[in-house]
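Colleague: I would like to go through this model feature by feature. Please give me the general idea each time, and then the case at hand.

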Amino acid sequence: MTDSPPDIRPASATSRALRSTIEWVVIIAGALIVALAVRTFVVQPFYIPSASMQPQLMVGDRVLVNKMSYHLHDINRGDVVVFERPKCESGEPAIKDLIKRVIGLPGERVEARGGSIYIDGRRLAEPYLPTTAITSDFGPVEVPAHHIWVMGDNRQNSKDSRFLCNNGPTFIDEGGVVGRAFVRVWPPADMGGL
């Protein structure tokens, strides 16, 4: 009579529990790493702290910002962008980033007269503004290389490139642009593209 090999036994309950715990830890850690990478490099949520972009964006709205956008193409006029608050801006120190609309691009001459914006002498159509919006006269100013001119849609109540810093016009360095706001995600009733 030959010795038969021992019976194959299922893993013990303790072994199964340990394996299951390790699997869950790996899955949760992996999900956290992916979420952190997405937030750092791809898409990030932002809170709207002021009325400067009304009526498009209201105080308390939340938007998602595409952080990859300007690695793939140039900044475009009309984009709603989030950018690092300039050091010269004396507003609320807890607010690290601001959101405005791109009006002027590098090398352009920007001015406002008679309630309208002019880029290099040509009137800018601004269909995103309410008909009651009033843009007070300024300029002309020339946007330096690698900078943009930004303005809030709520022209009467927006601290933007016209007077963001107390010493006059403020041009935003393209390197300080975090990304393009592309969708409102809060409140749910107003969810949609920008």
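Modeller: Start with the term contact, which means heavy atoms within 4.5 Å. The model here is predicted. Under that cut-off, isoleucine 75 touches Tyr70, Val102, Leu105, Ile148, Glu174 and Val177, with residues up to four places away in sequence not counted.

Colleague: Where is isoleucine 75 found?

Modeller: Isoleucine 75 is in the loop between helix H2 (69-72) and strand E3 (80-84).

Colleague: Why does isoleucine 75 count as buried?

Modeller: Buried means under 20% relative accessible area. Isoleucine 75 has 11% relative accessibility, so it counts as buried.

Colleague: Now the chain as a whole. How many helices and strands does the chain have?

Modeller: The chain has two helices and 12 strands. Along the sequence they follow the pattern α-β-β-α-β-β-β-β-β-β-β-β-β-β. The radius of gyration is 26 Å, well over the 16 Å that the globule rule gives for 194 residues, so the chain is more spread out than a compact globule. The box filled by the C-alpha atoms, taken along the principal axes, is roughly 105 × 35 × 30 Å.

Colleague: What share of the residues count as buried, and what share of the contacts join residues at least 24 apart?

Modeller: Of the 194 residues, 36% count as buried. For the contacts, take those between residues at least 6 apart in sequence: 60% of them join residues at least 24 apart.

Colleague: With which side chain does threonine 135 make a polar contact?

Modeller: The partner is the side chain of arginine 155, at 3.0 Å. Threonine 135 is in the loop between strand E7 (122-123) and strand E8 (138-142), and at 3% relative accessibility it counts as buried. Beyond its neighbours within four places in sequence, threonine 135 is in contact with Ala112, Gly115, Ile117, Met151 and Arg155.

Colleague: And glutamate 89: buried or exposed?

Modeller: Glutamate 89 counts as buried, at 6% relative accessibility. It lies in the loop between E3 and strand E4 (97-104). Apart from residues up to four places away in sequence, glutamate 89 touches Lys159, Leu164 and Cys165. Glutamate 89 and threonine 170 are 81 residues apart in sequence, with their C-alpha atoms 9.2 Å apart in space.

Colleague: Turning to the backbone, which residues does the peptide bond with omega near 5° join?

Modeller: That cis bond runs from glutamine 54 to proline 55, and proline 55 is in the loop between E1 and E2. Another cis peptide bond joins glycine 139 and proline 140, with omega about 10°. Proline 140 has its place in strand E8.

Colleague: Finally, phi. What is the phi of aspartate 120, and what is that of histidine 146?

Modeller: Aspartate 120 has a positive phi of about 50° although it is not a glycine. It is found in the loop between strand E6 (116-119) and E7 and, at 46% relative accessibility, counts as partly exposed. Histidine 146, also a residue other than glycine, has a positive phi near 65°. Histidine 146 is in the loop between E8 and strand E9 (147-151), and its relative accessibility of 56% makes it count as exposed.

Notes:
Residues numbered from 1 in each chain as written. Predicted model: local features only at pLDDT ≥ 70, side-chain atom pairs only at ≥ 80, totals over all residues. Heavy atoms only, no water. Helix = DSSP H or I, 4+ residues; strand = E, 2+ residues; numbered from the N terminus. Buried < 20%, exposed > 50% of the residue type's maximum accessible area, 1.4 Å probe, protein only. Polar contact = N/O pair within 3.5 Å; in protein donor to acceptor, adjacent residues only side chain to side chain. Rg over C-alpha atoms; globule rule 2.2 N^0.38 Å.
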